[in-house]
Amino acid sequence: MHVEHHVSVPDPAAGPDVYRRHARAWLQSNLPDFMRTDHPEWREATLAESSAWEAAMYQAGLAGMTWPKSYGGHGLSLREHLAVNKEIGALPMPESVSSIGKELAGPIIMAVGTEEQKQAFLPEILAMRQFWCQGFSEPDAGSDLARLRTKAARDGEQWRINGQKIWTSGAAKAHYCLLLTRTGTVADKHRGLLMFAIPMDTTGIRVVPIKSIDGKTSFAEVFFDDVIVPDSARLGAPDEGWNAAIRVLSIERATNRMYRPWRFECELRQLLAACKSDPQLAAALDDTYVHRRVGDLLCEIDGLKGLVELTVDRMSRGEMMGARGSLTKLYWSECHQAFTGFALSLLSQVGPHSSLLARRAHQAFTTAYLFARAETIYAGTTEVQLDVIAQRVMNLPKELA
């Protein structure tokens, strides 16, 4: 895989439009055909191939855009970040294999980490030399972090950790875990939560892969049995875990992967092109219901674009998204889940004699459909988002929410 690593990155004062043109030119010149889900040569990239690709994107100025230069970032604003994300979304390229590090661990380390932790972790994450997993969800807690039970007990200058996490994405490949623990009892709810950055090769950590509906083992259970870590692994103060976790989730729900509406639009173009390439599928496009559903999807995509743009405008003015991030998460996850179902229904007639583009699209959208089952679960379930919106955005009383 040949990728142009050393390129001229625009001056920070150039503005969003210049960055968008730079991103468009570089991506179109460097994105390998086998990574394009709309190309006949498409296949799933290996971890090494994906890592090399993302490292090249970083060198080209297309990752870590808003991170400070002192920690390996490019020191730009959210507006440049959005401009680049629009171009990333416009191409049918794979998702990041280091999203936990870039989108969750990195921001939280910048928010509550020590200077030593920032220097040790942040440049390594951007350079794709460190993979992270997120140890939040638990079997008896799910998305309700106030019920987590994994216990961290102080032992001199160390901490002893015992507990279990579940649905931990990327745990098998991760070098570090962003781990949320409890120093007191479950009755403390949001009090006494503590976050750590823990090496995954620490004695006492056991990873048990979980096979998901798509046949992959990208999730895992992670067990912590008398895991001893130094106090230097702690992220923030012993009672700062809840605020740190909420900050992580508000970032995850509102600002991460801003390219989503442009990627959904790209997927819709790919779906229609695949159908037009096959006579049997092309006839289905003339159906009135299909016309109406495509129109609905375009309206939903435009609505999501507007929501992303509004988020960037507000955050650029210094506003904190907080609970409003749940609006974005709820909207995109429900819309995309419905879209992939529609796509698969259109492609259900694909067989061995269908066009190559149609067969490739059926393969790609089957994968997308199965993964989309999780989109209304991870980063907080739809039910949790509705509860947050009702109580913290609309200020409804609990008996109504």
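## Salt bridges, cores and a helix pair

The side chains of Arg20 and Glu87 meet in a salt bridge, with N to O at 2.6 Å (a salt bridge is a side-chain nitrogen of Lys or Arg within 4 Å of a carboxyl oxygen of Asp or Glu). This is a predicted model, in which local features need pLDDT of at least 70 and side-chain atom pairs count only at pLDDT 80 or more, while totals for chains, interfaces and linings use all residues. Residues are numbered from 1 along each chain as its sequence is written, and side-chain values use heavy atoms, leaving out hydrogens and water.

**Salt bridges**

- The Arg20–Glu87 pair links distant parts of the chain, 67 residues apart: Arg20 is in helix H1 (residues 16-30) and Glu87 in helix H3 (residues 78-89).
- Helices (H or I, at least four residues) and strands (E, at least two) are DSSP runs, numbered from the N terminus.
- Glu87 is buried, at 6% relative accessible area, whereas Arg20 is partly exposed at 26% (buried means under 20%, exposed over 50%, partly exposed in between, with a 1.4 Å probe and protein chains only).
- Glu87 also forms a salt bridge with Arg24, where the closest N and O atoms are 3.0 Å apart.
- Because Arg24 lies in helix H1 and Glu87 in helix H3, this pair ties together parts 63 residues apart in sequence.
- The whole structure holds 23 salt bridges.

**Nonpolar cores**

- The largest nonpolar core has 27 residues, and Trp132, Leu178, Leu180 and Met195 have the most contacts inside it.
- A nonpolar core is a set of buried Ala, Val, Leu, Ile, Met, Phe, Trp, Tyr and Cys residues joined through side-chain atoms within 4.5 Å.
- Elements giving two or more residues to this core include helix H4 (99-112) and strand E5 (193-199).
- H4 supplies the largest share of this core, 6 residues.
- Apart from this core lies another, of 24 residues, among them Leu268 and Ala361.

**Helices H10 and H11**

- Helix H10 (residues 325-346) packs against helix H11 (residues 356-372) at an angle of about 145°, their axes being 9 Å apart.
- Axes are lines fitted to C-alpha atoms, for helices over the stretch in contact, and angles run from 0 to 180 degrees between N-to-C directions.
- Residues making the contact (heavy atoms within 4.5 Å) include Phe339 and Leu344 of H10 and Phe365 and Tyr369 of H11.
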